[in-house]
Amino acid sequence: MTAPFFWAAGALSAIWLLVHCIVSGRQIAQPLVEATSLDPIVRHTQYLCWHFTSVGIAAMAGFFLWAAASQAPAFAISATLLAAGFFVVGVALVWRSGGSHLQLPQGWLFLPVAILGLAGLLT
(Lines give C-alpha, C1' and ligand atoms only; values in the text may rest on other atoms or scores of the structure.)
Protein backbone atom coordinates (compact mmCIF):
# COMPACT_ATOMS: atom_id res chain seq x y z
CA MET A 1 0.00 0.00 0.00
CA THR A 2 2.17 2.84 -1.30
CA ALA A 3 -0.44 5.61 -1.41
CA PRO A 4 -0.25 6.63 2.28
CA PHE A 5 3.49 7.28 2.00
CA PHE A 6 2.98 9.33 -1.17
CA TRP A 7 0.09 11.29 0.36
CA ALA A 8 2.28 12.08 3.37
CA ALA A 9 5.26 13.06 1.20
CA GLY A 10 3.01 15.23 -0.97
CA ALA A 11 1.43 16.94 2.04
CA LEU A 12 4.81 17.58 3.65
CA SER A 13 6.17 18.95 0.36
CA ALA A 14 3.13 21.25 0.11
CA ILE A 15 3.82 22.49 3.65
CA TRP A 16 7.45 23.21 2.70
CA LEU A 17 6.19 25.06 -0.37
CA LEU A 18 4.03 27.28 1.84
CA VAL A 19 6.94 27.86 4.23
CA HIS A 20 9.17 28.70 1.27
CA CYS A 21 6.69 31.14 -0.25
CA ILE A 22 5.61 32.84 2.98
CA VAL A 23 8.61 32.80 5.30
CA SER A 24 11.34 32.80 2.68
CA GLY A 25 9.40 35.33 0.66
CA ARG A 26 9.60 37.77 3.55
CA GLN A 27 13.08 36.89 4.78
CA ILE A 28 14.89 36.19 1.50
CA ALA A 29 13.05 37.21 -1.67
CA GLN A 30 11.79 40.62 -0.58
CA PRO A 31 15.14 41.82 0.86
CA LEU A 32 16.88 40.43 -2.22
CA VAL A 33 14.68 42.46 -4.56
CA GLU A 34 15.28 45.55 -2.41
CA ALA A 35 19.07 45.04 -2.34
CA THR A 36 19.83 47.70 -4.92
CA SER A 37 23.51 47.67 -3.94
CA LEU A 38 23.80 44.32 -5.72
CA ASP A 39 24.50 44.24 -9.42
CA PRO A 40 21.09 43.91 -11.16
CA ILE A 41 22.20 40.75 -12.98
CA VAL A 42 23.16 39.11 -9.68
CA ARG A 43 19.98 40.31 -7.95
CA HIS A 44 17.68 39.19 -10.77
CA THR A 45 19.45 35.84 -11.18
CA GLN A 46 19.08 35.09 -7.48
CA TYR A 47 15.42 36.12 -7.55
CA LEU A 48 14.87 33.89 -10.56
CA CYS A 49 16.51 30.98 -8.70
CA TRP A 50 14.19 31.59 -5.74
CA HIS A 51 11.24 31.18 -8.12
CA PHE A 52 12.83 28.09 -9.69
CA THR A 53 12.95 26.60 -6.19
CA SER A 54 9.25 27.39 -5.78
CA VAL A 55 8.48 25.52 -9.00
CA GLY A 56 10.69 22.60 -7.96
CA ILE A 57 8.95 22.20 -4.59
CA ALA A 58 5.52 22.56 -6.22
CA ALA A 59 6.42 19.89 -8.76
CA MET A 60 7.64 17.63 -5.97
CA ALA A 61 4.35 17.99 -4.09
CA GLY A 62 2.32 17.55 -7.26
CA PHE A 63 4.20 14.44 -8.35
CA PHE A 64 3.75 12.78 -4.96
CA LEU A 65 0.06 13.66 -4.82
CA TRP A 66 -0.46 12.47 -8.40
CA ALA A 67 1.31 9.21 -7.57
CA ALA A 68 -0.90 8.73 -4.52
CA ALA A 69 -4.14 9.54 -6.34
CA SER A 70 -3.42 7.59 -9.52
CA GLN A 71 -1.58 4.66 -7.93
CA ALA A 72 1.16 5.36 -10.49
CA PRO A 73 4.41 5.25 -8.53
CA ALA A 74 6.46 6.37 -11.55
CA PHE A 75 5.60 9.97 -10.65
CA ALA A 76 6.96 9.39 -7.15
CA ILE A 77 10.35 8.38 -8.54
CA SER A 78 10.88 11.93 -9.86
CA ALA A 79 9.56 13.48 -6.65
CA THR A 80 11.76 11.27 -4.47
CA LEU A 81 14.82 12.16 -6.54
CA LEU A 82 13.97 15.86 -6.25
CA ALA A 83 13.59 15.58 -2.48
CA ALA A 84 16.84 13.63 -2.17
CA GLY A 85 18.61 16.19 -4.36
CA PHE A 86 17.30 19.10 -2.28
CA PHE A 87 18.47 17.28 0.85
CA VAL A 88 21.96 16.45 -0.43
CA VAL A 89 22.63 19.87 -1.94
CA GLY A 90 21.11 21.73 1.02
CA VAL A 91 23.13 19.84 3.60
CA ALA A 92 26.38 19.57 1.63
CA LEU A 93 26.59 23.23 0.64
CA VAL A 94 26.02 24.43 4.19
CA TRP A 95 28.62 21.98 5.48
CA ARG A 96 31.12 22.87 2.74
CA SER A 97 30.73 26.61 3.26
CA GLY A 98 31.23 26.27 7.01
CA GLY A 99 27.72 27.48 7.70
CA SER A 100 25.38 26.41 10.45
CA HIS A 101 22.56 23.96 9.85
CA LEU A 102 20.71 25.68 12.68
CA GLN A 103 20.72 28.89 10.62
CA LEU A 104 20.25 27.15 7.25
CA PRO A 105 18.15 24.03 7.93
CA GLN A 106 16.40 23.97 4.55
CA GLY A 107 18.16 20.88 3.21
CA TRP A 108 17.18 18.83 6.25
CA LEU A 109 13.50 19.58 5.64
CA PHE A 110 13.59 17.33 2.59
CA LEU A 111 15.06 14.26 4.30
CA PRO A 112 11.69 13.09 5.68
CA VAL A 113 10.10 13.78 2.29
CA ALA A 114 12.72 11.62 0.55
CA ILE A 115 12.33 8.88 3.17
CA LEU A 116 8.54 8.85 2.76
CA GLY A 117 8.95 8.69 -1.02
CA LEU A 118 11.45 5.88 -0.78
CA ALA A 119 9.24 3.98 1.66
CA GLY A 120 6.36 4.28 -0.78
CA LEU A 121 8.50 3.08 -3.66
CA LEU A 122 9.79 0.08 -1.71
CA THR A 123 6.40 -1.12 -0.43
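Author: Along the sequence the protein chain reads α-α-α-α, with a total of 4 helices and 0 strands. Helices here are DSSP runs of H or I with at least four residues, strands are runs of E with at least two, and both are numbered from the N terminus. The model is predicted: local features need pLDDT of at least 70, side-chain atom pairs count only at pLDDT 80 or more, and totals for chains, interfaces and linings use all residues. Residues are numbered from 1 along each chain as its sequence is written, and side-chain values use heavy atoms, with hydrogens and water left out.

Taken along the principal axes, the C-alpha atoms fill a box of roughly 55 × 25 × 20 Å. Of the 123 residues in the protein chain, 31% are buried (under 20% relative accessible area, with exposed over 50% and partly exposed in between; 1.4 Å probe, protein chains only).

The largest pocket holds about 810 Å³ of space. Its 25 lining residues include His-20, Ser-24, Trp-50, Thr-53 and Gln-106, the closest to its centre. Two or more lining residues come from each of helix H1 (3-34), helix H2 (40-70), helix H3 (74-97) and helix H4 (106-122). H1 gives the largest share, 8 residues. By type, the lining has 16 nonpolar residues, 9 polar and no charged.

The terms are as follows. On a 1 Å grid over the protein atoms alone, a pocket is an open set of points where a 1.4 Å probe fits, with protein on both sides within 12 Å along at least five of seven lines; lining residues have an atom within 4 Å of a point. Points are joined across faces, edges and corners, and the volume is the space filled by probe spheres set on them. Ala, Val, Leu, Ile, Met, Phe, Trp, Tyr, Cys and Pro count as nonpolar, Asp, Glu, Lys and Arg as charged, and the others, Gly among them, as polar.

Helix H1 also holds Phe-5. Phe-5 counts as partly exposed because its relative accessibility is 30%. Phe-5 and Phe-64 lie 59 residues apart in sequence, yet 8.9 Å apart in space, C-alpha to C-alpha. Ile-15 is in helix H1, and its 44% relative accessibility is why it counts as partly exposed.

Between H2 and H3, the loop contains Gln-71. Gln-71 is not a glycine, although it has a positive phi of about 55°. At 48% relative accessibility, Gln-71 is partly exposed.
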